[in-house]
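This report walks through one protein chain. Please look over the sequence and the model first, then read on.

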Amino acid sequence: FHQVRKDILAQRNASVPGYTGLTLPNENLGKVKNQGFELSLSHLQHVGKDFNYNVGFNMTYTKNKIIYFDEAANVPEWQKRTGHPIDSWLIFKTDGIYKNWDEINSTPHFEGAKPGDIKYVDVDQNGSLTDNDKVRDYSSNIPEIVYGISLGATWKGFEFNMLWQGQGKATQIIVP
C-alpha cells in the first residue's frame, strides 16, 4: 500500500515563536506518507471425519514520513520533524557515564552532576546544555511491524483456538 494523507490537524508552529507563550488553534495543514505491505496466509485441513485444524499467519510492515509540518525557520537541522517518522522525540544525546569529578568539570553538564551520572553531549558546542542540544530520535512508539499466528482445532464438537500476536521496531521512552 501507498497512501498520502493531507489536511492533518496540526499547529502552525512557525508563525508564533515559542517564547511568546501564545499558541494558534490547530489547522488542517499537515501531510504524511504511509507505505508498506500486508501479508496473510492460512491453511485449513480436514483429517478424517472428526478432526480439523487450521494455521494462520499475518504480518504488516509499514513506514511513515512527514511530508509537511509547519516548522519554524530557526529550528536546527538535527531537530526537524519534516522528512522523518511521526511521533519522534527530542532527547539529549548521551556519551556514557561520568567517571570522576575532573571529567564533570571539564565538560558542559547539568547542575548537580556527580560521578555515575549520565554524560550529555553539547551538540551545538556553545559550552552549555540547553534545549538546542536536544536531537531528534527518529524511532517511534508506532510499530513498523505487526504480526500474528493463529492455531485452531476441532474434534467431535470440541474446539480449541489460540492467537499469538506481537509487534516490532517500536521504541518507548520511559520518563521516571
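Trp101 sits in helix α1, which covers residues 101-105. Helices (H or I, at least four residues) and strands (E, at least two) are DSSP runs, numbered from the N terminus. This is a predicted model, where local features need pLDDT of at least 70, side-chain atom pairs count only at pLDDT 80 or more, and totals for chains, interfaces and linings use all residues. Residues are numbered from 1 along each chain as its sequence is written, and side-chain values use heavy atoms, with hydrogens and water left out.

What does Trp101 touch, leaving aside its neighbours within four places in sequence? Its contacts (heavy atoms within 4.5 Å) are Ala113, Lys114 and Pro115. Ile8 is another matter: 93 residues separate Ile8 from Trp101 along the chain, and their C-alpha atoms are 49 Å apart.

The term means a side-chain nitrogen of Lys or Arg within 4 Å of a carboxyl oxygen of Asp or Glu. Glu103 and Lys119 meet in this way, at 2.5 Å from N to O. The pair links distant parts of the chain, with Glu103 in helix α1 and Lys119 in strand β6 (residues 118-120), 16 residues apart. Both Glu103 and Lys119 are buried. Buried means under 20% relative accessible area, exposed over 50%, and partly exposed in between (1.4 Å probe, protein chains only).

## Other salt bridges

The structure holds four salt bridges. The table lists three of them.

| Pair | Closest N to O distance |
|---|---|
| Lys134 and Asp131 | 3.6 Å |
| Glu144 and Lys169 | 3.8 Å |

Lys134 is partly exposed because its relative accessibility is 22%. Asp131 counts as exposed, at 54%.

Glu144 and Lys169 form a salt bridge. The pair links distant parts of the chain: Glu144 is in the loop between β7 (134-137) and β8, and Lys169 is in the segment after β9 (158-168), 25 residues away. Glu144 has a relative accessible area of 17%, so it is buried. Lys169 is exposed, at 54% relative accessibility. Salt bridges with shared partners join Lys63, Glu144 and Lys169 into one network.

Met59 belongs to strand β3 (residues 51-68). Why is Met59 partly exposed? Its relative accessibility is 21%, so it counts as partly exposed. Beyond residues up to four places away in sequence, Met59 touches Phe37, Glu38, Leu39, Ile145, Val146 and Tyr147. Ser40 lies 19 residues from Met59 in sequence and 6.5 Å away in space, C-alpha to C-alpha.

Trp155 is placed in strand β8 (residues 145-155). Trp155 is partly exposed because its relative accessibility is 46%.

## The whole chain

The chain has one helix and nine strands. From the N terminus, the order is β-β-β-β-β-α-β-β-β-β. The radius of gyration (taken over C-alpha atoms) is 25 Å, well over the 16 Å of the globule rule for 176 residues, so the chain is more spread out than a compact globule. That rule is 2.2 Å times the number of residues to the power 0.38. The C-alpha atoms fill a box of roughly 80 × 45 × 25 Å along the principal axes. Of the 176 residues, 20% count as buried.

Mean pLDDT (the predictor's confidence in each residue, from 0 to 100) is 89, and 97% of the residues reach 70 or more.
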